[in-house]
Amino acid sequence: MQNQCIFCKIIDGQIPSATIYEDEDFKVIMDISPAAVGHAIMLPKKHFSNLFEMDDNTASRALIVARKVATAMKEELGCDGLNMLQNNGEAAGQTVFHYHIHLIPRMKEDTINLSWQQKSYGDGEAAKIAEAIAKRIL
Ligand code: AMP
Ligand code: ZN
């Protein structure tokens with residue numbers, strides 16, 4: 001647990017939260033400032049600042065929990081879709097530096113905006129970048 005981390009405090013029970021799911025390793029709570037009704041955030045109980053710090057064991061189990069909760073949300077809320085969103089670093093929009101996955105229920109006509117302007121690659125550029133990144137995969 002990190003002393004100044006708000007999500008560690010929630011996990012520890014020092015700060016209240018509306019909890020949807022909890023097991024030994026994860027807690028899923030309602031986001032306090034939701035993008036939509038039912039917007040949830042999934043927190044590993046172990047403190048990792050972001051994806052880059054996360055261990056393989058927690059990472060592999062996270063998607064199983066996310067799928068279970070997302071399925072229950074879809075059934076209960078009757079949403080048409082759901083975004084799983086996960087920000088790493090200030091530049092990516094992260095504001096709380098304890099790894100978390102957003103589960104955002106989506107309706108066909110909602111006004112939530114997660115879009116970006118599409119760019120394009122020059123000839124061979126994508127392949128070159130792919131190759132350079134691939135070399136670094138451990
Ligand atoms: P991010 O910008 O990806 O770091 O997301 C942080 C999220 O945490 C935001 O959507 C906040 O609304 C949410 N949040 C911050 N404090 C609390 C809290 N005490 N309880 C529930 N959600 C929170
Ligand atoms: Zn924390």
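Trainee: By the rule applied here, to what number does the count of salt bridges come?

Mentor: This is a predicted model, in which local features need pLDDT of at least 70, side-chain atom pairs count only at pLDDT 80 or more, and totals for chains, interfaces and linings use all residues. Residues are numbered from 1 along each chain as its sequence is written, chains are lettered from A and ligands numbered from 1 in the order in which they are written, and side-chain values use heavy atoms, with hydrogens and water left out. A salt bridge is a side-chain nitrogen of Lys or Arg within 4 Å of a carboxyl oxygen of Asp or Glu. By this rule the count is 5.

Trainee: Which residue forms a salt bridge with Arg106, and is Arg106 buried or exposed?

Mentor: Buried means under 20% relative accessible area, exposed over 50%, and partly exposed in between, with a 1.4 Å probe and protein chains only. Arg106 has a relative accessible area of 17%, so Arg106 is buried. Its closest N and O atoms to the partner are 2.8 Å apart, and that partner is partly exposed at 25%. The partner is Asp110.

Trainee: Which residues are joined into one network by salt bridges that share partners?

Mentor: Glu22 and Lys27 meet through their side chains in a salt bridge of 3.3 Å, N to O. Glu22 counts as partly exposed because its relative accessibility is 42%, whereas Lys27 is buried at 7%. Shared partners join three residues into one network: Glu22, Lys27 and Lys45.

Trainee: How far apart are the closest N and O atoms in the salt bridge of Asp55 with Lys46?

Mentor: Asp55 has a relative accessible area of 22% and is therefore partly exposed. Lys46, with 48%, is also partly exposed. The closest N and O atoms of this salt bridge are separated by 2.7 Å.

Trainee: Which side chain of opposite charge is nearest to Asp31?

Mentor: Asp31 lies in the loop between strand E2 (26-30) and strand E3 (40-44), where helices (H or I, at least four residues) and strands (E, at least two) are DSSP runs numbered from the N terminus. For charge, Lys and Arg count as positive and Asp and Glu as negative, while His and the chain ends are not counted. Asp31 is buried yet has no salt bridge, and the nearest side chain of opposite charge, 14 Å away, is Arg106.

Trainee: Which backbone nitrogen does the side chain of Asp31 reach?

Mentor: A polar contact is a pair of N or O atoms within 3.5 Å; within protein, one must be able to donate a hydrogen and the other to accept it, and residues adjacent in sequence count only if both atoms are side-chain atoms. The Asp31 side chain reaches this nitrogen at 2.9 Å, and the residue is Ser33.

Trainee: What share of the area that ligand 1 exposes when taken alone does the protein bury?

Mentor: The ligand is surrounded by 16 residues, the closest being Asp31, Asn87, Thr95, His100 and His102; a residue is near if one of its heavy atoms lies within 4 Å. An oxygen atom of ligand 1 is 2.9 Å from a side-chain N or O atom of Asn87, and an oxygen atom of the ligand is 3.0 Å from a polar backbone atom of Val96. Accessible areas come from the Shrake-Rupley method with a 1.4 Å probe, and for residues only the protein chains shown count as cover. Taken alone, ligand 1 exposes 510 Å², of which the protein buries 84%.
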